[in-house]
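Thanks for coming. I will go through one structure, beginning with a sheet. Please have a look at it before I go on.

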Amino acid sequence: METDRPDSQTPNQLRPLACSCSCSILHRSHGSASWAQRETKVLAAVYGPKAGTKKNENPKKASIKVIWKPKTGQIGKVEKEYEMILKRTLESICIRTIYPNTTTLVIVQIVHDDGVLLPCAINAACVALVDARIPLKHLVVAICCSITDSGCIILDPTKDQEEKMKAFINLVFPNTIVSVLPEGSLQEGSETMAHGIMTSITQGAMS
Amino acid sequence: METKSTSSFTNLVDQSVCPGDVVLDLSKMINQTIKLGGGLRQDCDAISVMKAGRLRFSKPHKYWVENSQKRYVPYAEDSVLGIVVDSRSDNFLVDIKGPTLAFLPVLAFEGGTRRNIPRFEIGTLIYVRVIKANPGMNPELSCTDASGKAAEFGALKDGYMFECTTGQSRMLLSSPTCPVLDALGKKLSFEIAVGLNGRVWVDAASPHTTIVVANAIMNSETLSGAQQRIMVEKLLQRIQ
């Protein structure tokens with residue numbers, strides 16, 4: 001079964017990535033990253049860890065605060081949901097017991113939106129945390145899958161293609177790690193984390 | 001088996017590693033003591049990486065991840081440049097670019113007593129030593145070395161202070177002398193203090209020399225040794 005995509009890509013082909021991450025992007029932040037998947041582009045900055053926690057946070061652990069800045073206007077319900085998803089994903093990959101009673105601020109600025117905005121933001125935030133040297137358990141990789149009416153799965157759709165799709169699913173996976181352990185023993189120890197899905201968000205009809 | 005284990009141990013040393021990578025398997029090491037440095041953590045029998053960087057090893061059995069970052073994390077026995085932000089009756093509050101402000105007790109000076117407490121203005125730049133840095137507590141500083149002498153610690157007057165990354169600070173403090181400092185020292189007279197928290201203080205007879213030295217150091221971060229010497233020579237030719 002074949003489905004023609006307007007941008008001449010195969011169904012499981014990702015759009016070209018462009019990622020830059022260094023102190024030269026944003027000078028004031030402790031870590032910054034720019035992540036682009038063809039037209040979609042996100043700029044992420046990390047500040048911290050800084051002293052103190054908010055009133056309703058746990059001071060025994062480091063807390064993460066995420067600010068989502070859309071390209072124009074104020075954040076609405078959709079952006080609030082993205083912000084919460086991003087915060088939960090980043091909290092699950094950070095080692096939060098090393099800097100207790102601190103807050104790490106992650107600011108995500110949308111530069112352009114051409115579909116798969118949330119996975120792009122998750123990738124950018126993860127690279128920014130690595131640049132800021134926040135202690136992490138592992139990295140994360142985010143991808144968006146869309147399903148056509150005929151049941152075909154297309155990876156990394158554009159905004160035009162998104163409007164024709166029946167359903168979407170945003171998936172976040174841990175990265176493949178380099179290990180000196182034998183393959184079997186690694187699966188024994190942390191099978192759920194090493195091979196599982198960390199975040200899964202669906203929209204539309206999903207069978 | 002033993003040969004394979006040995007090769008797997010050296011497999012990741014001096015390579016770039018990412019968070020989550022497992023670099024050591026403790027179940028295969030019998031009667032060995034290893035010391036873990038920054039960037040590594042223990043997860044049952046596996047030693048995994050917390051921060052991206054390059055894995056280093058030094059005999060006997062010291063492992064750490066070498067990286068460069070803007071945010072400083074205080075460790076004991078580090079020499080840092082701090083800025084006094086407040087003074088209380090018992091402590092000076094000093095900003096060392098860490099997560100929290102650090103405490104500098106008023107008696108932590110050579111010959112310090114209640115009668116001759118030094119008077120630091122807010123904004124004074126001081127070269128201090130970190131003596132305690134526990135998680136969840138404010139770091140504690142001292143202006144003396146381990147034997148109680150002032151040595152090179154104390155307030156730094158005049159001069160110019162700029163910021164760089166912690167990796168560059170370690171490069172400037174490494175021995176043998178960093179190429180950029182070696183090349184500058186041959187032609188110019190200046191005084192320099194490097195803190196491990198990414199702050200560098202430079203002083204010279206004329207502001208002109210201070211600016212040249214500061215710019216040379218700031219430009220040298222991403223250059224190799226030979227490139228640093230070439231950059232310094234070009235810079236010095238331009239000013240003469």
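How many bridges join strand β6 of chain A to β7(A)? There are 3, and the two strands, β6 being residues 140–147, run antiparallel. Strands here are DSSP runs of E with at least two residues, and helices are runs of H or I with at least four, numbered from the N terminus. Two strands pair if DSSP finds at least two bridges between them. A:Cys145 sits opposite A:Leu155 in β7(A).

A word on the source: this is a predicted model, where local features need pLDDT of at least 70, side-chain atom pairs count only at pLDDT 80 or more, and totals for chains, interfaces and linings use all residues. Residues are numbered from 1 along each chain as its sequence is written, chains are lettered from A and ligands numbered from 1 in the order in which they are written, and side-chain values use heavy atoms, leaving out hydrogens and water.

Back to the sheet. It is open, with 4 strands in the order β7-β6-β8-β9 of chain A and antiparallel pairing. β7 (153–155) and β9 (199–204) of chain A are at the edges with a single partner strand each, so one side of each has no neighbour in the sheet.
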